[in-house]
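Here's a quick tour of one two-chain contact and of the chain on one side of it. Have a look at the model, then read on.

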Amino acid sequence: MHLLEINNLNISFDTPEGKVRAVNEVNFNLQNNDSLAIVGESGSGKTQLVFSILGLLAKNAAVTGSIKYQSQEILNLPEEKLNNIRSKKISIIFQDPMTSLNPYMCIRDQLNEVLIHHKGLSKHEATNESIRMLDAVKIVDAKNRINMFPHEFSGGMRQRVMIAMALLCNPNIIIADEPTTSLDVTVEAQILELFKTIQKEFNTSLILITHNMGIISDTCKKTLVMYGGRIMEYGFTKDIFLNPTHPYTMGLLETMPSIDKEYKILKTIPGNPPNALEIPLGCPFSDRCSHKIDICLSAVPPVETIDTTKQNRMCHIPYQDLLS
Amino acid sequence: MIKSKTILSVENIKVQYETNNQFIFPWQKRNIIKAVDGVSFDLKEGETLGIVGETGCGKSTLARAIIKMVPTCSGKIIWMGENLLTFNKNKMKKIRKEIQMIFQDPLASLNPRMNIGEIISEPIKTHFPEISKIELKNIVKEMMLKVGLLPNLINRYPHEFSGGQCQRIGIARALILQPKLIICDEPVSSLDVSIQAQVINLLKSIQKNLNLSLIFITHDLSIAKHVSDKIIVLYFGKAVEMNLSKELFSNPQNSYTKKLISSIPSFRNSFLTNNY
């Protein structure tokens, strides 16, 4: 049994300009104590994908497909039932630590709120539990710090508070939506290290959303590469990094300047990410792909599994042809 | 290598801010924040200087101090043999033609009420008011082509462009006066990965063609290594290390530099050591 199973998920938004197809035909699953990274550029639908799991999508969204948590369908559940899953079973860490904490409430109240609401603890018990959790995310002097307000914390500390908040109800799955984009490299390294230890200690599964390929190689077992609302490649992180099989993944890896290499000029992917209103008929990457053939423009490529590494790829061009 | 002349040399520059911590009497000593604390460097023609460091270490303040956007309390900024700090407003205006800046947030640094043509041509209108409208339009179109924008977009407004295109507009605006030095304050940090490389390549090719000097501020060390000849590492306003970029990465001297370099996530090494 899979912990989380997503089948044929489609998300679209009705807007005055037309229908925005944010996520198309996405399939993946997550086991216990697993870690998955979702990589993609802005507008590739990665955030909408995880928002749909927790029912956080905007009102004009239409979702089809199935999302199963421990074999129980959770897509389009009513609010009251979803609230039993949110935070208790699946919790989320939002992108911006500055804006996702309430500036009018001290950290203690914000943390306790979760416990009182979901676990029915008393105020005193909740505070003790909150302090314990702040200790777990390595906030020094948690006993006094818990009475502080968000503006008294630095960016990295606020992100730790958010992580502590997500951990309070011992969820099975933590979703982290770009947890380190607004942080410095040194702080980023600390936060990622924290994710790894938490995963071991609390035995949770992790879904990490990011656009930085560098950070996932350290943290996640599996990687899912998204582009224009579709999965481009899905497999073990190691395989995807060392033997990418999709032109987009190859391009992404090449555009990142690596510290241990010398370059004359950086390789680029020409063009711009697609507008979700006008996603190409065939492969969404076809506009920018240097390998494209006629069929790429007219038909969505089928999912192909590579025998040796169990990588899933969505591309018309055979893997062997890309290497030459 | 041909010996090129030094165009900018900064000597022991200091920028300080006074803050009132809480209620304070006028005779009491005020808190002083040293944003930039004694940084010196030389910049040659056609050279790129990278400034790296974490948030709040004074990277942007240093850049702004060089073009006198923030007041400097001591030190010397010598541009082509003359100290900028002794200049008055009128004299400074002439220098501003030669030093231009590209800002961090591409969309926020463009006026939403002006179309692209107006934005790009504004520096020329201020500095060379005698140029005719038709001529101006041609210059702008030429510049747009140079930075990879189609000239028929000249009447569009900034919100109609993507982040990468907005940054190209910012670059066009900086280049149009044919400056000798461009200060880039995190020009790619708010762009997508695949677009970042495009913008960096554009900057580098323009630099080669026009023999520009660049000051490139970034917090991404791998980008800094790729673009710059020399790198300064800032830490709390102090330059803790300055070296040629190759040597800085192969042989870091300062402990803070070492820490910075070791915290860059690099996937090529991590598979060797990591079992998740």
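This is a predicted model: local features need pLDDT of at least 70, side-chain atom pairs count only at pLDDT 80 or more; totals for chains, interfaces and linings use all residues.

## Where two helices meet

Let's start at a helix pair that spans the two chains: A:Gly251, A:Leu252 and A:Thr255 in H10(A) meet B:Val193, B:Ser194 and B:Ala197 in H6(B).

Two packed helices are described by the angle between their axes and the distance between the axes. Here, the axes of helix H10 (residues 247-255) of chain A and H6(B) come within 9 Å and cross at roughly 50 degrees. That angle is why H10(A) counts as oblique to H6(B). As for handedness, H10(A) passes H6(B) in a left-handed crossing.

## The wider contact

Zooming out, how many residues does each chain bring to the contact? Chain A puts in 33 residues and chain B 31 residues. On the chain B side, helix H6 (193-210), helix H7 (221-227), helix H9 (255-262) and helix H10 (267-273) each supply at least two of the residues that touch chain A. H6(B) gives the largest share of that side, with seven residues. The chain B residues touching chain A split into twelve nonpolar, 13 polar and six charged.

## Chain A as a whole

Chain A has twelve helices and twelve strands. Its radius of gyration is 21 Å, close to the 20 Å that the globule rule gives for 324 residues, so chain A is as compact as a globular protein of that length. Along the principal axes, the C-alpha atoms of chain A fill a box of roughly 65 × 50 × 40 Å.

Of the 324 residues in chain A, 45% count as buried. Taking contacts in chain A between residues at least 6 apart in sequence, 63% join residues at least 24 apart.

## A look at A:Val225

Is A:Val225 buried or exposed? A:Val225 has 25 C-beta neighbours inside 10 Å, so it counts as buried. This residue sits in strand S9 (residues 222-227) of chain A.

Which residues does A:Val225 touch, leaving aside its neighbours within four places in sequence? A:Val225 is in contact with A:Val39, A:Gly40, A:Met232, A:Glu233, A:Ile240, A:His246, A:Tyr248 and A:Thr249. The C-alpha atoms of A:Val225 and A:Leu252 are separated by 9.9 Å, with the two residues 27 apart along the chain.

Methods. Residues are numbered from 1 along each chain as its sequence is written. Chains are lettered from A and ligands numbered from 1 in the order in which they are written. Two residues are in contact if their C-beta atoms, placed from the backbone, lie within 7 Å. Helices (H or I, at least four residues) and strands (E, at least two) are DSSP runs, numbered from the N terminus. Ala, Val, Leu, Ile, Met, Phe, Trp, Tyr, Cys and Pro count as nonpolar, Asp, Glu, Lys and Arg as charged, and the others, Gly among them, as polar. Axes are lines fitted to C-alpha atoms, for helices over the stretch in contact, and angles run from 0 to 180 degrees between N-to-C directions. Angles under 35 degrees count as roughly parallel, over 145 as roughly antiparallel, 65 to 115 as roughly perpendicular and the rest as oblique. A crossing is left-handed if the near helix is turned anticlockwise from the far one by less than a right angle, and right-handed if clockwise. The radius of gyration is taken over C-alpha atoms; the globule rule is 2.2 Å times the number of residues to the power 0.38. A residue is buried if 20 or more other C-beta atoms lie within 10 Å of its own, exposed if 12 or fewer, and partly exposed in between; C-beta atoms are placed from the backbone.
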